[in-house]
Protein chains: 2
Amino acid sequence: MIGIFDSGIGGLTVVRELLKQAPDASFIYLGDTARTPYGNKSPETVIRYALEDARFLLAHGASSIVVACNTASALASAALREAFPTVPVFEVITPAVEDAISVTKGRVGVIGTRATVTSGIYEKRLREKKEIEVVAAACPLLVPLVEEGWLDDSETKRIIRRYLSPLKQRNVDTLILGCTHYPLLAPLIQHAIGRRVKLIDSGASVVRRVLEHKARSTEHGALNTEHGAKTEKYFLTDLSARSGEIARKWLGRDIRFEKAELEIS
Amino acid sequence: MIGIFDSGIGGLTVVRELLKQAPDASFIYLGDTARTPYGNKSPETVIRYALEDARFLLAHGASSIVVACNTASALASAALREAFPTVPVFEVITPAVEDAISVTKGRVGVIGTRATVTSGIYEKRLREKKEIEVVAAACPLLVPLVEEGWLDDSETKRIIRRYLSPLKQRNVDTLILGCTHYPLLAPLIQHAIGRRVKLIDSGASVVRRVLEHKARSTEHGALNTEHGAKTEKYFLTDLSARSGEIARKWLGRDIRFEKAELEIS
């Protein structure tokens, strides 16, 4: 079973990708809505939260961990791999970086929360792979705009134009959506940055890697515990009516969220 | 010593008011930045957090508690008074309601986070006092706009206009700023709603009540522990460079934040 966690409900875009790419896959989702967002918290705090989230997923039967949150991917992947050395840990940064490298002609843009952009993680990883120009922009208002449901509103379009303007001026040819909420704004982002720019959705990229890994494991005769029915479970650390509403809008169906009680360390 | 807590740094507008109204008052501030915002969390979670915050302030010498956070004021005041029966607990809702009642001609507008507005607390309290019309609007994007520092930007102006449009149509004559971040947008809000509408800043209202209470206590010979130097302490549950930057901008001076370790219950 695939365990997916995020700082909140943003990671449901990863679930949406998983449902699209592998409708039969079993998974458990944990959104840490009680402590969302991670994007404005310190590295130590984000690491502590990520370890608690992963521990919850493993205790509930997950055999692999997908860190759907960019902030946690940037700050906590190493700590997760160290804490759970036998568990495959997938984060959203490496797959997006690889996909961007494979299509770019030399100028990659990155947008994300302030924490993700300040960490410089995408720039570092991109430049390790190839000698390219990277332009990053923090877009802290896009998450609240998505959560407000203003997915096609003039205010959102103006703010996206403002945030993307420095990237457009530098003529990026590829743009990494470095936050799980952003795929919901992909049409507006594509329009603002220009049709010729290739968008990289880090959620779609990581789901492809997870499924490739799963296919390889099964091929190599690894234990396949997934006989029987498909399981789909959704946990949140804080339940609110709003989460259900947003999930319905994003996934196009009703989701039953259960309350997760984390072991706080 | 006055203890002030908020879900984050928004409560610094209450500190700003306190510094303005009583520059010599000693106080301790706690911003729960590790778990901010409270506005999208469930009542049980907000109550638990508020109790932890108050316990921290009392353990650090506070003799009264100001709940600077509207969400916590709405959801956790009763629980705080029950848990700490000998401690004066001030919340930001009652003073703003009283001030609005004293100036309105009959139509009061309320703006706040989604949680505050959904709770209906201002409407209920206003109508308990007087037969008036109340129009409330949730403005979830204003906090992130303030934290982005877009205090006088065209995007902010447009969004404020959009949020206030139903209140303007209903001709409110008084407008309660039901969130500690909003005083920083007061000029834009005043411009959008019209010059004749009276703005009620809940932070300014609560500080007046705290100082009145203090004056009365001293008059009545209550123990005055504030001989000696003025104390001013600032704690956050999560330190980030950004908080210092915002505090400097809001208070017009450098603030040294200390890391608060809460006892998690």
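In what sense do β1(B) and strand β3 (residues 64-67) of chain B pair, and over how many bridges? Let's walk through it together.

1. This is a predicted model, where local features need pLDDT of at least 70, side-chain atom pairs count only at pLDDT 80 or more, and totals for chains, interfaces and linings use all residues. Residues are numbered from 1 along each chain as its sequence is written, chains are lettered from A and ligands numbered from 1 in the order in which they are written, and side-chain values use heavy atoms, leaving out hydrogens and water.

2. To settle the opening question, β1(B) and β3(B) pair in the parallel sense, over four bridges. Strands (E, at least two residues) and helices (H or I, at least four) are DSSP runs, numbered from the N terminus, and two strands pair if DSSP finds at least two bridges between them. Opposite Phe5(B) you will find Val67(B) of β3(B).

3. Now look at strand β1 (residues 2-6) of chain B: five of its five residues are buried (under 20% relative accessible area, with a 1.4 Å probe and protein chains only). Ile2(B), Ile4(B) and Asp6(B) point one way, while Gly3(B) and Phe5(B) point the other way.

4. β1(B) also pairs with strand β2 (residues 27-31) of chain B, in the parallel sense over five bridges. There, Gly3(B) has Ile28(B) as its bridge partner.

5. Finally, the two chains: a rotation of 180° with 0.0 Å of shift along its axis superposes chain A on chain B, with RMSD 0.0 Å (by least squares on the C-alpha atoms of residues with pLDDT of at least 70 in both). That is the relation of a two-fold axis. In chain A, the C-alpha nearest the axis belongs to Arg35(A), 2.4 Å from it.

Notes: Buried < 20%, exposed > 50% of the residue type's maximum accessible area, 1.4 Å probe, protein only.
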